[in-house]
Amino acid sequence: MHLASEDTGVERVAAPSVQAAHHGTVRPLAADDLERVAALFLTKFRRRRRRLHDRAIVEVAEYMRKIYLDPAGQPGASNALVQINPQGDLGGFLGVLKARYELNGAVLNAAIIGPLMADTGTDHGSAGPQLLRAVHQGEFDLHLTDSANRVSLAFARPMKYQLLPVHCLGWTRIFRPAAVASAAMRARWPGLPRFALDPCARAFDAFARKRFEPPVEHSSSHRIHRQPMDAAQFAERLPTLLSDYALRPRWQDGELPRLLALAAEKRADGPLHFGGTFDEAGKMLGCYAFYGQAGGIANLLQIQSSGPHWGATLDGLIADAWTMGCAGIIGQTQSRFMPQLFSYKNVFFRYAGGTMVRSRIPEVAQAVRSGDIFIGGLVGDRWTRLSSDDFGR
């Protein structure tokens with residue numbers, strides 16, 4: 001959930017319209033709203049653009065139609081919300097994706113909260129609270145986000161969201177430090193010429209290679225091997241690794257393959273790759289999905305393992321990114337593989353986005369407090385193009 005003003009065998013329930021005579025109305029997103037919402041999104045979250053291009057607005061609007069108005073081809077009103085001020089103008093937007101969780105056999109409706117934004121030219125501070133109150137009044141059993149910025153943290157925590165501190169961190173494992181710095185500079189200043197940066201970066205990284213190269217076999221077992229997977233294999237096997245979480249997603253009816261297909265549309269960090277770690281008998285011990293390409297910084301989408309095999313699975317991920325020629329790899333942390341991350345050299349941690357969960361169900365709240373929840377990656381909104389892609393280019 002990014003505050004910017006500074007998804008199914010359960011019946012779809014639309015958020016109620018919230019009437020406020022002095023502040024406007026909240027209602028589900030409609031097709032006629034898309035271009036206005038897209039323009040607001042580009043203004044708030046792609047600020048380096050000096051002017052809005054029609055092509056970028058159309059591209060964002062079409063993408064929002066795909067993820068907010070037609071999730072899995074289901075009928076009914078959108079779960080995403082808009083706030084319309086008393087003058088009839090767009091005051092704000094809240095991106096909401098519907099998901100399902102399960103806890104002790106009970107199926108729960110979950111709202112994954114994404115971009116939260118208000119138009120400061122038409123809104124006077126009421127859009128954000130109105131939008132959140134509206135989604136809270138819907139029949140969702142839990143609300144979650146894994147991408148809240150610091151403004152959103154201060155905004156949402158009084159609304160009884162529980163913060164998951166470990167999940168708020170991002171980690172970076174550097175392979176080629178000069179190439180990482182070069183890639184970061186080009187991301188910030190796209191006009192920088194490659195020929196001015198890359199030769200110096202290559203020279204420095206060749207000199208520092210032994211210092212940053214990952215060990216050949218970091219994990220203790222030599223009987224574990226890694227091998228590539230495709231999206232279908234990943235979708236089939238990931239759920240089998242989640243059984244030891246009390247509160248976990250419940251994907252059905254081709255939902256996970258479709259989610260992976262949407263995630264593969266993301267462009268900022270390269271193509272989406274899948275891999276797994278296996279024992280001698282061919283039993284899968286863990287799996288991972290990451291975006292990456294030679295010369296860039298790989299971006300972890302999802303990693304999961306069973307029992308004591310987190311270290312071997314993390315080794316496989318890092319080895320794949322290194323072999324691909326990536327300059328480094330970044331990812332979101334999880335409490336279950338923090339000990340393995342701590343054992344690596346050249347791993348750095350930073351605040352990457354607030355992960356928060358809200359629920360009035362005591363058992364859900366207790367599972368969240370104890371960390372017994374699967375969250376982040378595919379159960380969040382960082383997999384969407386809205387999180388990173390530059391539209392209209």
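Me: Why does Phe349 count as partly exposed?
Reply: Its relative accessibility is 32%. Buried means under 20% relative accessible area, exposed over 50%, and partly exposed in between (1.4 Å probe, protein chains only). So 32% puts Phe349 in the partly exposed class. This is a predicted model: local features need pLDDT of at least 70, side-chain atom pairs count only at pLDDT 80 or more, and totals for chains, interfaces and linings use all residues. Residues are numbered from 1 along each chain as its sequence is written, and side-chain values use heavy atoms, with hydrogens and water left out.

Me: What makes Phe342 exposed or buried?
Reply: Phe342 has 57% relative accessibility. The cut-off for exposed is over 50%, so Phe342 counts as exposed.

Me: Why is the pair of Phe342 and Phe349 called edge-to-face?
Reply: Rings of Phe, Tyr and Trp (its six-membered ring) pair if their centres lie within 6.5 Å; planes under 30 degrees apart count as stacked, over 60 as edge-to-face and the rest as tilted. Here the centres are 5.6 Å apart and the planes 65° apart.

Me: What makes the pair of Tyr63 and Phe391 tilted?
Reply: The centres are 6.3 Å apart, with 50° between the planes. Tyr63 is in helix 2 and Phe391 in the segment after helix 11 (362-369), 328 residues apart. Helices (H or I, at least four residues) are DSSP runs, numbered from the N terminus.

Me: How do you know whether Tyr63 and Phe391 are buried or exposed?
Reply: Tyr63 has a relative accessible area of 2%. Phe391 has 0%. Buried means under 20%, so Tyr63 is buried, and so is Phe391. Ring pairs also link Phe41, Phe45, Tyr63 and Phe391 into a cluster.

Me: Why is Arg385 said to lie over the face of Tyr63?
Reply: A charge sits over a ring if NZ of Lys or CZ of Arg is within 6 Å of the ring centre and within 35 degrees of the ring normal. Arg385 lies over the face of Tyr63 at 5.7 Å from the ring centre, so the distance is within the 6 Å limit. The charged end of Arg336 sits over the ring of Tyr245, 3.7 Å from its centre.

Me: What puts the buried residues of helix 8 on the same side?
Reply: The buried residues of helix 8 (residues 255-263) are Glu255, Leu256, Leu259, Leu260, Leu262 and Ala263. They cover an arc of only 160° around the axis, so they lie on the same side of helix 8. The arc is that of the directions from the helix axis to the C-beta atoms.

Conventions
Helices (H or I, at least four residues) and strands (E, at least two) are DSSP runs, numbered from the N terminus.
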